[in-house]
Amino acid sequence: MAVKPSPEFRTTSEPTLSATLSSRVGAPPAPPVARRPGRAVLRAAGLAASVLLLVAVAVLSIAVGAKQLPLADVWQGLLHRDAAEYAVVHRMRLPRTLLGLLAGAALGVAGAVMQALTRNPLADPGLLGINAGASAAVATGAVLFGIGGVGGQVWFALLGAAVVTAAVYVVGGGRGATPARLALAGAALNATLYSYVSAVMLLDTASLERLRFWTVGSLASAEPATVRTVAPFIAAGLLVALAATRALNALALGDDAARALGARPAVVRGTVIVAITLLCGAATAACGPIVFVGLLVPHLVRALTGPDLRWLLPYCAVLAPVLLLGADVLGRVLSRPGELQVGMVTAVAGGPLFLWLVLRGRVAHP
């Protein structure tokens, strides 16, 4: 007659038996295995650290300028209206810092969204001609209609950015666009439009005087009115881009997979183009064309977050202003009592940094 094993004997696992034997002979129990923190926890911690870095750079941007001021005087000028430094801090440095925060976030998020939409690691508002389109429209408005303030420039910049975004996408092949075709289409439009802007400025002395710093890319002309004008457009573009992250993640799997997951590719592409237009148009109207910020930051961030846009876009919105404000502070310090425009600093520093990323194999397909 067979003996039926007891359920207790059958369900006892080997680690439990070894632990029981160890306790009987007086050996200490094995220590519990420590669990590594989840990737989401690490990403959240990294984002919090990035926010702290952004705060530090923003404080540095307010405290450091072409005119040297003690930190105590800067603090007094920030808090007290009757302080001698109030005008310098509130009318120059604070608007400049706020504009750098807005423009940096706009360019960083626009670059990440463009790379995801086109699946092109070289996608950037500068390299694909979108900044050039906004610049050409602003230059046209300045010559034909005498538009000089950011309140008028922003509408021309939005129109130019929208037209060039659609043109690059169509010329590059639309839904069947390849990274190479998009890059070629963007390079051709970029060269053509910047040649047009240069010709306009050379033929019109008044336009040259108004736009010569703007075309380089600068935060020096920032005023409170500038920040108030572009902030709604940039905020709307950021919200639209963040709302499209799940659909863009699905679109990265292909149109058929995206439809199976409930996304509509045509609607997603249209929504993303609206976000890119708002972000690039407003940032270019306020600061002029600034290159490499939208190209570099997504590649630097993607090493931390991976391709998931739900994490990539918040990181870009925080770290792109760090790069832009850091370049602006560097330009103010290096050429005191004058200053180097931030567009020149990002162009000079961005090229070698991007080349380093390429050599290290950090430029990956989005």
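Reader: How many salt bridges turn up in the whole structure?
Author: A search of the whole predicted model finds five salt bridges.

Reader: Which residues are linked in a network of them?
Author: The network of salt bridges links Arg 96, Asp 328, Arg 332 and Glu 339.

Reader: Take Asp 328 and Arg 96, then: how far apart are the closest N and O atoms, and where do the two residues lie?
Author: The closest N and O atoms of that salt bridge are 2.9 Å apart. Because Asp 328 lies in helix α15 (residues 309-334) and Arg 96 in helix α5 (residues 86-118), the pair ties together parts that are 232 residues apart in sequence.

Reader: And what about Glu 339 with Arg 96?
Author: Glu 339 also forms a salt bridge with Arg 96, with 2.5 Å between the closest N and O atoms. Glu 339 lies in the loop between α15 and α16 while Arg 96 is in helix α5, so this pair ties together parts that are 243 residues apart in sequence.

Reader: Is Arg 96 buried or exposed?
Author: Arg 96 has a relative accessible area of 9%, under the 20% limit, and is therefore buried; Glu 339, at 26% relative accessibility, counts as partly exposed.

Reader: Switching topic, which residues make the nonpolar surface patch?
Author: Val 216, Leu 330, Leu 334, Leu 340 and Met 344 make a nonpolar surface patch of about 410 Å². Of these residues, Met 344 lies in helix α16 (residues 342-359) and, at 40% relative accessibility, counts as partly exposed.

How values were computed
Residues are numbered from 1 along each chain as its sequence is written. This is a predicted model: local features need pLDDT of at least 70, side-chain atom pairs count only at pLDDT 80 or more; totals for chains, interfaces and linings use all residues. Side-chain values use heavy atoms; hydrogens and water are left out. Patches are made of residues with over 30% relative accessible area and no salt bridge: like charges are joined within 9 Å, nonpolar side chains (Val, Leu, Ile, Met, Phe, Trp, Tyr) within 5 Å. Accessible areas come from the Shrake-Rupley method with a 1.4 Å probe; for residues, only the protein chains shown count as cover. A salt bridge is a side-chain nitrogen of Lys or Arg within 4 Å of a carboxyl oxygen of Asp or Glu. Helices (H or I, at least four residues) and strands (E, at least two) are DSSP runs, numbered from the N terminus. Buried means under 20% relative accessible area, exposed over 50%, partly exposed in between (1.4 Å probe, protein chains only).
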